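Hi there,

Here is the structure I promised to pass on. Have a look at it first, and my notes follow below.

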Number of protein chains: 2
Amino acid sequence: MKDFYTITELTREFDISTRTLRFYEDEGLVKPVRRGRTRLFRPSDRVLIKQILRGKRLGFSIAEIRDIIEMYKSPPGESGQLNKIIEGVESKRAELRQKRKDIEDTLSELDQVEDACMNRLAELRVTS
Amino acid sequence: MKDFYTITELTREFDISTRTLRFYEDEGLVKPVRRGRTRLFRPSDRVLIKQILRGKRLGFSIAEIRDIIEMYKSPPGESGQLNKIIEGVESKRAELRQKRKDIEDTLSELDQVEDACMNRLAELRVTS
DNA sequence: AAAATAATTGACTTTTACGTAAGAGTTTTT
DNA sequence: AAAAACTCTTACGTAAAAGTCAATTATTTT
């Protein structure tokens, strides 16, 4: 595993722009180290980028993605803190389950559309 | 089932603003009939609104939602058209499956976070 | 009838998540 | 050494999806 990735290596791997990565840094989502002014991304940043992009695909905003990532980093902390985190996890989980249900519903509607198209195609082959 | 819904009935049911519903009309997603200038939404519009909101929860843009809704309306059409629609369905399905995988991955990471919190809490109860 | 409630259109504003361009410094390749 | 490629910061621009406000018109309730 590489120690560091340059910004363009990552833009190529994930098909995003340098602007996007710098934006994520501004937003505090990644924290590349610097050699001079140049950013050097560590493997951990790379993992974060994957998580960010996954969050984006699911329609989460940067703020929500930040919240989720914060959960992952959940430090030891004291009892109250821990219970807060667990609450947060519960709530995100509910949201994700809703999304999953939305997906199942949409998928089955798309199945119906496809069936209808197939039937119509079969009909066309007979009729014509 | 009601014949018509007023705009505010729907804003209350779905917790969205009138502006949002008018915006969806401008975008051609719903087509309420009019009594004078006043919009009257039919049950079919109500179903469309549900589909729009579901699409939004999944992070689809209005344009993408419009595409999906168009698929549902897929009319008889001729063979070429039908195949185009089937292609579209396939592609959306792939996208949805990716999202579903993203959800599963996120859910299991959240499970890990919760486990870690629970363990830490148990530790605290013993240690203190 | 007066007052409150709901509806309309139109226009301007806001937020998010970057895109794009300018100007300059570094490193690499030819 | 010159050109190409990569990097940086700063700053203005933009598209999407509404929010907000104004000025009117209907409808309903008191």
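Before the rest, two notes on conventions. This is a predicted model, in which local features need pLDDT of at least 70 and side-chain atom pairs count only at pLDDT 80 or more, while totals for chains, interfaces and linings use all residues. Residues are numbered from 1 along each chain as its sequence is written, and chains are lettered from A and ligands numbered from 1 in the order in which they are written.

**DNA side.** Helix H2 (18–26) of chain A gives the most to the surface near DNA strand C, with three residues. By class, that surface has three nonpolar, eight polar and five charged residues (Ala, Val, Leu, Ile, Met, Phe, Trp, Tyr, Cys and Pro count as nonpolar, Asp, Glu, Lys and Arg as charged, and the others, Gly among them, as polar).

**Chain A.** The chain has five helices and two strands, in the order α-α-β-β-α-α-α along the sequence. Helices (H or I, at least four residues) and strands (E, at least two) are DSSP runs, numbered from the N terminus.

**Where the chains meet.** In all, 33 residues of chain B are in contact with 33 residues of chain A, contact meaning C-beta atoms, placed from the backbone, within 7 Å. H5(B) supplies the largest share of the chain B side, 25 residues. That side of chain B divides into 17 nonpolar, five polar and 11 charged residues.

**Symmetry.** Chain B superposes on chain A by a rotation of 180° with 0.0 Å of shift along its axis (RMSD 0.1 Å), which means that the two are related by a two-fold axis. In chain B, the C-alpha of B:Gly59 is nearest the axis, 1.9 Å from it. Both copies use the same surface, as 100% of the contact residues of chain B recur in chain A.

Best wishes

Key:
Two residues are in contact if their C-beta atoms, placed from the backbone, lie within 7 Å. Copies are superposed by least squares on the C-alpha atoms of residues with pLDDT of at least 70 in both.
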